[in-house]
Amino acid sequence: MLGSIGIALTGLDASSKKLYASASNIANASTVGSLEGTGRAAYTPIDTQYSAGGQGGVRTEFVDRQPAFVPSFAPGSPFANSEGLVAAPNVNLDEELVNSSKAANAYKANAFVIDKSQELADTLLDAFDDD
C-alpha cells in the first residue's frame with residue numbers, strides 16, 4: 001500500500017510539472033524575438049520528459065522543445081528582420097490546452113489512488129482491531 005502511495009505521488013508530481021509546462025507555454029506564446037542570434041531571443045517552450053523511477057513511479061524533468069521557434073511574419077515588430085520575419089515560439093495553443101486537460105485528469109487519477117490506498121489501509125487496520 002505504501003508503495004502505491006509513493007508511485008501515485010510521483011504521478012502527482014509528473015502531472016503538476018506537465019501542467020506547469022503547458023501554462024508557461026500558453027503564457028509566453030506571444031513572446032517573439034529576433035531570428036538573428038544578436039537580438040532578443042524568443043521564448044523557448046518547454047515539454048516534460050518521463051523516465052522510470054527507481055522503485056516504481058516516474059521521474060519527470062523539463063526539456064526544451066525542438067525546434068524552439070518558427071519564423072512568423074510580423075513586419076511591425078521591433079525584432080523583425082529585413083523580410084519582416086520574427087522568431088515566434090513553437091507553441092500550438094490547442095495542443096497546450098489538451099496537455100493541460102490531460103495533466104488535470106492524471107492528477108485526479110493519482111489523487112484517487114492515494115485516497116483508495118488510505119481507505120484500504122484503514123480497513124486493514126480495522127480488521128486487526130476487531131481481533
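In this predicted model, Glu119 is partly exposed, with a relative accessible area of 39%. Its salt-bridge partner is Lys116, with N and O 3.3 Å apart. Lys116 is also partly exposed, at 35% relative accessible area. Both residues belong to helix 2. They are 3 residues apart, about one turn of the helix.

Across the whole structure, 4 salt bridges were found. Salt bridges with shared partners join Asp47, Arg65 and Glu96 into one network. Asp47 and Arg65 meet through their side chains at 2.6 Å, N to O. Asp47 lies in strand 1, whereas Arg65 lies in the loop between strand 2 and strand 3 (69–73). The pair therefore ties together parts that are 18 residues apart in sequence. Arg65 also forms a salt bridge with Glu96, the closest N and O atoms lying 2.8 Å apart. Glu96 is in helix 2, so this pair ties that helix to the loop holding Arg65, across 31 residues of sequence.

Glu96 counts as buried, at 1% relative accessibility. Arg65 counts as buried too, at 8%. Asp47 reaches 25% and counts as partly exposed.

The search of the whole structure returned 1 aromatic pair. Its members are Tyr20 and Phe62, with ring centres 5.6 Å apart. The ring planes stand at 55 degrees, so the pair is tilted. Tyr20 lies in helix 1 and Phe62 in strand 2 (residues 58–64). The contact therefore ties together parts that are 42 residues apart in sequence. Phe62 is partly exposed, with a relative accessible area of 36%.

A nonpolar patch was found on the surface. Ile26, Leu93 and Leu97 make this patch, which covers about 260 Å². Leu97 lies in helix 2, which spans residues 93–130. Leu97 is exposed, at 54% relative accessible area.

Glu36 was examined in a loop region. This residue sits between helix 1 (2–27) and strand 1 (46–52). Glu36 counts as partly exposed, at 41% relative accessibility. Ser82 is 46 residues from Glu36 in sequence. In space, the two C-alpha atoms are 11 Å apart.

Key
Residues are numbered from 1 along each chain as its sequence is written. This is a predicted model: local features need pLDDT of at least 70, side-chain atom pairs count only at pLDDT 80 or more; totals for chains, interfaces and linings use all residues. Side-chain values use heavy atoms; hydrogens and water are left out. Patches are made of residues with over 30% relative accessible area and no salt bridge: like charges are joined within 9 Å, nonpolar side chains (Val, Leu, Ile, Met, Phe, Trp, Tyr) within 5 Å. Accessible areas come from the Shrake-Rupley method with a 1.4 Å probe; for residues, only the protein chains shown count as cover. Helices (H or I, at least four residues) and strands (E, at least two) are DSSP runs, numbered from the N terminus. Buried means under 20% relative accessible area, exposed over 50%, partly exposed in between (1.4 Å probe, protein chains only). Rings of Phe, Tyr and Trp (its six-membered ring) pair if their centres lie within 6.5 Å; planes under 30 degrees apart count as stacked, over 60 as edge-to-face and the rest as tilted.
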